[in-house]
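User: Could you walk me through this one? I'd like to start with the strands and then move on to a helix.

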Amino acid sequence: MRRALDAARECEFSDDVPVGAVLARDGEVVAAAGNARERLHDPTAHAEILAMREAAVQSGSWRLDGCTLYVTLEPCAMCAGAVVLARVDRVVFGADDPKAGFAGSLGNLVQDARLNHRVELTGGVLASECGELLRDFFRDRR
């Protein structure tokens with residue numbers, strides 16, 4: 001999660017919401033990214049999506065089984081759906097997202113029994129540090 005926080009902090013240079021994600025397999029980091037919607041002018045450029053894209057390229061497969069995704073903010077519906085479709089085994093996130101989170105807050109897409117893949121889920125890891133980074137970002141913009 002500390003590596004994901006580092007990726008989130010790098011977002012300040014592009015004025016993106018500071019969310020970071022790291023994808024690891026067998027204890028080794030495969031990919032890391034921060035949000036890049038503003039920098040890339042791409043509504044899908046969330047940290048989780050960018051990290052999964054990079055990991056798929058690095059591994060030569062869209063299937064990310066055996067991987068754990070560490071992300072500083074609870075994944076949204078888009079990212080939760082991508083996690084399921086990519087067959088990620090586990091998601092570990094920091095801060096809850098009561099307005100857009102789909103790994104427990106508004107819904108739980110990653111563990112929906114109707115889908116063909118369910119993800120192990122751990123929330124609240126370094127939650128205060130992850131949340132403080134987001135609160136600082138939005139406080140500075142108001």
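This is a predicted model: local features need pLDDT of at least 70, side-chain atom pairs count only at pLDDT 80 or more; totals for chains, interfaces and linings use all residues.

User: Fine. How many residues of strand S3 are buried?

Analyst: Six of the seven residues in S3, which spans residues 67–73, are buried, and the strand is thus described as mostly covered.

User: And which way does S1 pair with S3, parallel or antiparallel?

Analyst: Strand S1 (residues 20–25) pairs with S3 in the antiparallel sense, over five bridges, and within this pairing Ala24 stands opposite Thr68 of S3.

User: What about S4, where does that come in?

Analyst: S4, at residues 90–95, runs parallel to S3 and is joined to it by five bridges; Val71, for instance, has Phe93 in S4 as its bridge partner.

User: Switching to H3: why does its span agree with what a helix should give?

Analyst: Helix H3 (residues 47–59) has 13 residues, which at 1.5 Å a residue should span 18 Å, and because its end C-alpha atoms are 18 Å apart, the two values agree.

User: Which residues of H3 are buried, and what do they pack against?

Analyst: The buried residues in H3 are Ala47, Glu48, Ile49, Leu50, Ala51, Met52, Ala55 and Ala56. The buried residues of H3 pack against S1, strand S2 (28–34), helix H2 (37–40), S3 and H4.

User: And what comes just after H3?

Analyst: Gly60 does, and this glycine takes a positive phi of about 75°.

Technical notes:
Residues are numbered from 1 along each chain as its sequence is written. Side-chain values use heavy atoms; hydrogens and water are left out. Buried means under 20% relative accessible area, exposed over 50%, partly exposed in between (1.4 Å probe, protein chains only). Helices (H or I, at least four residues) and strands (E, at least two) are DSSP runs, numbered from the N terminus. Two strands pair if DSSP finds at least two bridges between them. The expected span of a helix is 1.5 Å times one less than its number of residues. Contact means heavy atoms within 4.5 Å.
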